[in-house]
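Please view the sequence and the model together while reading.

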Amino acid sequence: MTETMDLKAKLGLDVFKPGGEGHIKIRPGKEKDSRLQKMGLICPAGLYSVSEQGETSLTIDGCLECGTCRLVCGTDVLEWAYPEGGVGVQFRFG
Amino acid sequence: MEKFDVIIVGAGLAGLGAAYTLAGQDLEVLVLERGDYPGAKNVTGGRIYVNPVRDLFPDLWPSAPLERFIVHEGVVLMAKERSVAIDYAGDELRQEPQQSFSILRAKFDRWFAEEVEAKGAMILPKTRVENVIKENRKIVGVRAGGDELHADVVIACDGALSLLGEQAGLHPPETPHNYALGIKEVIALPGEKINDRFQLQGNEGAARLFIGEVTKGMFGGGFLYTNKESVSLGIVIGIEDMMEKGGNLEAPALMEAFKARPEIACLIRGGVTVEYAAHLIPEGGFKALHPLHGDGMLIAGDAAGFALNMGFTVRGMEYALASGYYAAKTVLKAREAGSFDAETLSEYGRLLQESFVLKDFQNFQATPSFVNNPRFFSHYPELKGNILRDIYSIPAGPKDRLYPTIRKYLGLGEMWAMFKDFREVTKI
């Protein structure tokens with residue numbers, strides 16, 4: 001095992017099934033919300049990135065569907081749903 | 001429009017426990033699961049305690065695909081540069097029936113689902129429930145995959161976010177305060193190596209909790225459970241603490257820092273990470289439980305808030321199984337009564353009240369505030385580490401007397417603060 005493992009490499013170990021459109025979306029106009037910026041640090045899959053201008057963007061690939069961002073940001077900031085049936089992460093160990 | 005007797009949302013332990021109990025009772029039971037297969041979206045730390053649910057599912061345990069029975073219980077206080085560990089092992093933990101087992105949920109739940117189907121319930125995977133269907137404030141079914149599915153009663157076992165309960169108007173959207181984020185890696189290691197490193201024989205297993213530097217002073221800790229041919233290693237962090245005290249700490253980096261600790265690194269050396277997972281954990285205890293029922297709906301498992309941090313251990317799966325079981329029993333009674341209104345379904349709360357589930361939550365209702373004491377996550381690990389460092393240190397010259405060595409850390413202010421912290425224990 002490498003000394004520190006890259007997050008992308010870790011996510012690469014998981015089985016993800018593609019399909020559907022992004023199940024979590026940042027609501028227009030909320031990109032600079034401070035709660036979103038916190039997700040840049042908290043998201044266990046590192047899917048939120050904050051630009052130098054303080055605008056947060058989201059890449060949904062690799063989402064572990066934990067739901068933390070829904071708690072942190074609320075549904076006024078995020079349009080939040082689970083992925084469609086049979087889509088997204090499929091744990092083999094869990 | 002399709003009509004069932006019972007629709008269960010979520011094939012986790014609560015949902016499968018309910019379905020198993022209802023199957024073979026001449027009812028049309030449908031379990032809806034959004035994963036590719038039951039277990040595909042389910043994550044535990046994890047360890048399950050079997051004693052409380054053994055008799056509720058008597059036929060289940062003999063052939064259940066559990067991992068190892070736990071014979072070593074460890075707690076490690078992690079300071080920045082040292083750690084203090086307690087390891088409890090006892091013959092009682094080896095005696096059959098063993099009380100707790102490590103478990104991998106994708107494997108267990110998939111097997112459990114087959115048992116449920118063999119008993120006659122229908123499980124529909126790859127099907128996401130979008131919303132509940134309400135008629136005159138009563139829940140009469142769900143919308144799933146574009147279809148409307150009706151039922152006399154819906155049992156919401158949809159996990160920690162409890163979206164169905166929210167949609168049904170039983171509780172508001174959840175907030176960070178009562179939840180922690182769990183991050184876990186499953187690290188493959190040969191069983192022989194696991195046995196050697198954890199002082200185990202055969203199918204014995206070890207459980208270890210870590211508190212302190214793991215979370216840099218925030219609420220939470222680390223955990224390690226040995227499986228047959230892998231180790232489940234992870235961290236838990238209070239989401240509110242992460243928001244308020246996290247500074248620039250990144251949750252994934254905390255996991256890496258934990259793995260790099262010498263106490264951990266030598267245990268997983270040569271191991272290969274085979275899965276990376278994250279999951280929410282309800283941490284609010286009794287005071288944060290959701291309303292357990294409404295007109296036409298019951299809530300079980302994580303969705304109801306049935307996870308309990310007892311300090312020395314964290315529990316959830318047996319509450320999920322038992323709440324599923326009692327939800328099913330409630331449905332059977334309601335069917336006899338011919339009514340699924342809130343009044344009839346309130347039987348669920350009474351059954352849980354008489355069972356270990358709500359008794360545990362009531363008896364341990366002070367633990368969430370007790371364990372949410374910042375001093376446990378940095379001060380005490382450092383203090384105990386420092387005291388032991390000084391006790392064990394042998395200088396070139398004469399060694400200080402023992403009493404002053406310890407006493408210098410335990411001034412009046414410290415003693416008073418300790419007294420206040422541990423006085424809280426009397427409430428548990």
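How many residues does the contact take from chain A and from chain B? The contact takes 35 residues from chain A and 48 residues from chain B, two residues being in contact if their C-beta atoms, placed from the backbone, lie within 7 Å. This is a predicted model, in which local features need pLDDT of at least 70, side-chain atom pairs count only at pLDDT 80 or more, and totals for chains, interfaces and linings use all residues. Residues are numbered from 1 along each chain as its sequence is written, and chains are lettered from A and ligands numbered from 1 in the order in which they are written.

**The side of chain A that touches chain B**
- Two or more residues each come from α1 (7–11), α2 (34–42) and α3 (68–73) of chain A; helices are DSSP runs (H or I, at least four residues), numbered from the N terminus.
- The most is given by α3(A), with four residues.

**A helix pair in chain B**
- The axes of α1(B) (residues 13–22) and α9(B) (residues 317–337) come within 7 Å and cross at roughly 40°; axes are lines fitted to C-alpha atoms over the stretch in contact, and angles run from 0 to 180 degrees between N-to-C directions.
- Residues of α1(B), among them Leu13(B) and Thr21(B), meet residues of α9(B), including Met317(B) and Val331(B).

**Domains of chain B**
- An automatic or database domain assignment gives domain 1 (2–66 + 103–171 + 290–354), domain 2 (180–282) and domain 3 (374–427).
- The centres of domain 1 and domain 3 of chain B, taken over C-alpha atoms, are separated by 47 Å.
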